[in-house]
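User: I am new to this structure and would like to learn how to read its features. Where should we begin?

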Amino acid sequence: MDLVGLATKVEVEQVLALLSARSPKLLDSEGSTFAMYEQLLAGVAAEVTAVVGTEPGTEVAQLATWCITLGVAATVEASLFPEQQVGDMGRANILQRRFEAVMKQLQAAGASGPKPEGSLGTGGPIGTFPPALPYPDPARGSEGCW
C-alpha cells in the first residue's frame, strides 16, 4: 500500500515502542499483520489530516504524527489482543485516551487560527435566525397547542 501525507512520517518503530510488551516481529513487513497495520495507519492518518490539513506547520506536524502513532498503537493493541483489554486500565484504553487528548489539542490549535488547506471546516450555523418562541405560541393562545 502506498501511504501518503502524514502517514509517511510515522515509523513502525514508533508504534512498536508503544506496544512495548509485544514481539518486535509483530509489525514486521513480511508478517501477516503488516497489511492490517498499513490499513489502520491510513485510516488514523485520514482522521488526523481532516483536522490539521495536508500541509500543517512543523510543530503541528510533529504533534499530528504523534497522534497518529498513538491511534494506530491503540487500534493494533485492541485488535490483536482483545482478551487482554480489561476495564479502563487495558493498554488499548490507555493509548486511546492519549490519542483522544492529543486530537483535542490539535483541534484546539486549529480553532485558534486559520484552517490549514485540506482540513475539514467546523460546521456551524450560517446566517442569523430569530429567537425561539415560547411554547405555546402566545399569538395563538392555548388552542395553538397541537
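Analyst: We can begin with aromatic pairs. Rings of Phe, Tyr and Trp pair if their centres lie within 6.5 Å; planes under 30 degrees apart count as stacked, over 60 as edge-to-face and the rest as tilted. The model here is predicted, and a search of the whole structure finds one aromatic pair. F34 and Y37 form this pair, with 5.4 Å from centre to centre and 40° between the planes, so by the cut-offs above the pair is tilted.

User: How far apart are F34 and Y37 in helix 2?

Analyst: They are three residues apart in helix 2, which means that about one helical turn separates them.

User: Are F34 and Y37 buried or exposed?

Analyst: A residue counts as buried under 20% relative accessible area. Both F34 and Y37 are buried.

User: What share of the protein is buried?

Analyst: Of the 146 residues in the protein, 34% are buried. The accessible surface comes to about 9300 Å², and carbon and sulfur atoms hold 58% of that surface.

User: Which residues of the largest nonpolar core touch the most other members?

Analyst: A nonpolar core is built from buried residues joined through their side chains. The largest one has 34 residues, and V15, L19, L27, Y37, V48, I68 and V72 touch the most other members. At least two residues of this core come from each of helix 1 (12-18), helix 2 (34-52), helix 3 (58-80) and helix 4 (91-111).

User: What does V72 touch?

Analyst: Leaving aside residues up to four places away in sequence, V72 touches V15, Y37, L40, L41 and V44.

User: Why does T49 count as buried?

Analyst: T49 has 19% relative accessibility, so it counts as buried. T49 is found in helix 2. A polar atom of the T49 side chain lies 2.7 Å from the backbone oxygen of A45.

User: Where is confidence lowest, and where is it highest?

Analyst: Where pLDDT is low, the predicted coordinates should not be read in detail. The mean pLDDT of the protein is 79, and 75% of its residues reach 70 or more. Confidence is lowest in helix 1, with a mean of 78, and highest in helix 2, at 90.

Conventions:
Residues numbered from 1 in each chain as written. Predicted model: local features only at pLDDT ≥ 70, side-chain atom pairs only at ≥ 80, totals over all residues. Heavy atoms only, no water. Core = buried A, V, L, I, M, F, W, Y, C linked by side-chain atoms within 4.5 Å. Buried < 20%, exposed > 50% of the residue type's maximum accessible area, 1.4 Å probe, protein only. Helix = DSSP H or I, 4+ residues; strand = E, 2+ residues; numbered from the N terminus. Contact = heavy atoms within 4.5 Å. pLDDT = per-residue confidence, 0-100. Polar contact = N/O pair within 3.5 Å; in protein donor to acceptor, adjacent residues only side chain to side chain. Phe/Tyr/Trp six-rings, centres within 6.5 Å; stacked < 30°, edge-to-face > 60°. Areas by Shrake-Rupley, 256 points an atom, 1.4 Å probe, with all protein chains shown as cover.
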